[in-house]
Structures are given as structure tokens and as C-alpha cells.
There are 2 protein chains.
Amino acid sequence: MVRSAARTTDVEVRIELKPGVIDAEAESVEKSLGLLGIAPVPRVSTARIFVLRFPGVSRREARRLAEEAVERLLANPVIHRVTVHPIEPA
Amino acid sequence: MVRSAARTTDVEVRIELKPGVIDAEAESVEKSLGLLGIAPVPRVSTARIFVLRFPGVSRREARRLAEEAVERLLANPVIHRVTVHPIEPA
């Protein structure tokens, strides 16, 4: 594996709802699973993943750019809890 | 940690689009990141996560129930690639 500053870096951004924020999609899934007869019905929570693949930047720079993308576009700090971490490219 | 059959088990279901299926949300994010001046613009892909928390079932049973939920409700095998794996409860 080449560990140069110029390799491709994937950063995974995971966006969840903060505790206390209603997760309407999760509630809908729980209800549907119950209606389908799946037992026990699980408690459901949802998250949204964005994988950002940066060409030719270091892990450190990719993380910084991903955090900027989160702040300026992807997440709403009032309702979202966000984790950002570089991953090995698939 | 108690490894009994009756503990709570969390199963994470990750739903992605199959290669070749247009990811409209990802394309929209790429475009917006470019307009915001983030450089280099990353390639974006998205995924949806459902965490299913089953009370009082074994990991094996929880995985089976989650796979049933995927087949009957959560995913469309024509367009989705799905991974299902038990995780440690948060």
C-alpha cells in the first residue's frame, strides 16, 4: 500500500439524528415490521452515509475537506450528530 | 459482557445502490460542493443505514430477522446492494 500524500482518500461521513429528534422514517419502519409479523419488532434508528472520495490528497487534508462539506452542506447542527472518518478505499 | 441468548442485539443494515444505478443525491452533492468551492471536488456515494435493536434474541436470530426485514421491506434487490451485520450495542 502506498502511503503517499497524493493517494486517493475515502472519507465516510455518517449523519444521525440527535437523541430526542423524531426519526419519522424509523418509526414508519417499526410499524411496518410489526404489520409484517416480524417478532420481536426491533427498535429502529436510521443514519445517512456519504462516502467522499478525494483524489490526490492526504488523509489529513481529506478529513478537513470533508468536515468543511459537512458544515457547509451535508448536516444541520441543530438536529444532526455527525461522525467523519477516513476509511480504506474499497 | 454477558453472552447469553437473551441479550439485546443490534444489527446494522447498510443499503447502497448497485454499481451502474444512478445515485442522484450523490450527483447533487458533488455539484453543490463544486459550487461551494471545495477543491478537489470528491466523488460522492451514498448509503442508508438502519440499525435494528432486537431485545432478548441471540445474534444469530437477530441476523435472521434483520435479513427477513431487508427482503420484505427495506431493500429492492434490483437496485440495492445490502450488507447486514450484528454490531455491539452502543
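**Exercise 1. In which loop of chain A is A:Pro40 found?**

Solution. This is a predicted model, in which local features need pLDDT of at least 70 and side-chain atom pairs count only at pLDDT 80 or more, while totals for chains, interfaces and linings use all residues. Residues are numbered from 1 along each chain as its sequence is written, chains are lettered from A and ligands numbered from 1 in the order in which they are written, and side-chain values use heavy atoms, with hydrogens and water left out.

Step 1. Helices (H or I, at least four residues) and strands (E, at least two) are DSSP runs, numbered from the N terminus; on that basis A:Pro40 lies in the loop between α1 and β2 of chain A.

Step 2. The peptide bond that joins A:Ala39 to A:Pro40 is cis, with omega about -5 degrees.

Step 3. In chain B, a cis peptide bond with omega of about -5 degrees joins B:Ala39 and B:Pro40, and B:Pro40 belongs to the loop between α1 (24-35) and β2 of chain B.

**Exercise 2. Describe the contact between chain A and chain B, and the elements that supply it on the side of chain A.**

Solution. Step 1. With contact taken as heavy atoms within 4.5 Å, 32 residues from chain A and 32 residues from chain B take part.

Step 1. The two chains bury about 2900 Å² between them, 62% of it on carbon and sulfur atoms, where buried area is the accessible area (1.4 Å probe) that two parts lose on being put together, summed over both.

Step 2. Between the chains there are 4 salt bridges, each a side-chain nitrogen of Lys or Arg within 4 Å of a carboxyl oxygen of Asp or Glu; the side chains of A:Arg48 and B:Glu25 meet in a salt bridge, at 2.4 Å from N to O.

Step 3. On the side of chain A that touches chain B, the elements giving two or more residues are β1 (9-17), α1 (24-35), β2 (43-54) and α2 (59-74) of chain A, and β2(A) gives the most, with 12 residues.

Step 4. β2(A) pairs in the antiparallel sense with strand β2 (residues 43-54) of chain B over 11 bridges, pairing being assigned if DSSP finds at least two bridges between two strands; A:Ala47 has B:Ile49 as its bridge partner in β2(B).
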